[in-house]
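Please read the following report alongside the sequence and the structure, taking one region at a time.

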Amino acid sequence: LAICSCTKEETASTDSNGESTAIPYPLEVCIISGEKLGSMGDPIIIIHEGQEIKFCCDQCIPKFREDPAKHLTKLPKK
């Protein structure tokens, strides 16, 4: 029995050269807490709809998943 998830998050995808195809995360702080990335250890990275998102810790991920659109407004407009 297989269980599928309907999430828009994905693992990092790469091109034929092994480079990430996700849009790079432009901030130096966690999108949830505002803490400087690296202040609590290595940042946690996910890809959401082709956009790389970085968190200061894994506890911020569920907060992001509750309302991604709300938090994505913190990213600069393309």
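In this predicted model, the strands β2 and β3 pair with each other in the antiparallel sense, and their pairing runs over five bridges. Within this pairing, Ile44 stands opposite Phe55, a residue of β3. The two strands form a hairpin with two residues between them, and Glu49 is found in the loop that lies between β2 (44–48) and β3 (51–55). The phi of Glu49 is near 50 degrees, which is a positive value in a residue other than glycine. With a relative accessible area of 49%, Glu49 is partly exposed, because that class covers values between 20% and 50%.

When its neighbours within four places in sequence are left aside, Ile53 is in contact with Tyr25, Ile31, Ile44, Ile45, Ile46, His48, Phe64, Leu72 and Leu75.

How many aromatic pairs does the structure hold? The structure holds one aromatic pair. The rings of Phe55 and Phe64 have their centres 5.5 Å apart and their planes at 70 degrees, so the pair counts as edge-to-face, a label used for planes over 60 degrees apart. Both of these residues, Phe55 and Phe64, are buried.

Another residue to look at is Pro24, which has its place in the loop between β1 (9–10) and β2. Leaving aside neighbours within four places in sequence, Pro24 is in contact with Gln51 and Glu52. The C-alpha atom of Pro24 is separated by 9.6 Å from that of Lys54, although these two residues are 30 residues apart along the chain. Pro24 counts as exposed, because its relative accessibility of 58% is over the 50% cut-off.

| Residue | Relative accessible area | Class |
|---|---|---|
| Glu49 | 49% | partly exposed |
| Pro24 | 58% | exposed |

A last point concerns the confidence of the prediction. The mean pLDDT of the chain is 85, and 73% of its residues reach 70 or more. Over residues 1–7, however, the pLDDT is below 50, and this stretch has zero contacts in the model beyond near neighbours in sequence.

Technical notes: Residues are numbered from 1 along each chain as its sequence is written. This is a predicted model: local features need pLDDT of at least 70, side-chain atom pairs count only at pLDDT 80 or more; totals for chains, interfaces and linings use all residues. Side-chain values use heavy atoms; hydrogens and water are left out. pLDDT is the predictor's confidence in each residue, from 0 to 100. Contact means heavy atoms within 4.5 Å. Helices (H or I, at least four residues) and strands (E, at least two) are DSSP runs, numbered from the N terminus. Buried means under 20% relative accessible area, exposed over 50%, partly exposed in between (1.4 Å probe, protein chains only). Two strands pair if DSSP finds at least two bridges between them. Rings of Phe, Tyr and Trp (its six-membered ring) pair if their centres lie within 6.5 Å; planes under 30 degrees apart count as stacked, over 60 as edge-to-face and the rest as tilted.
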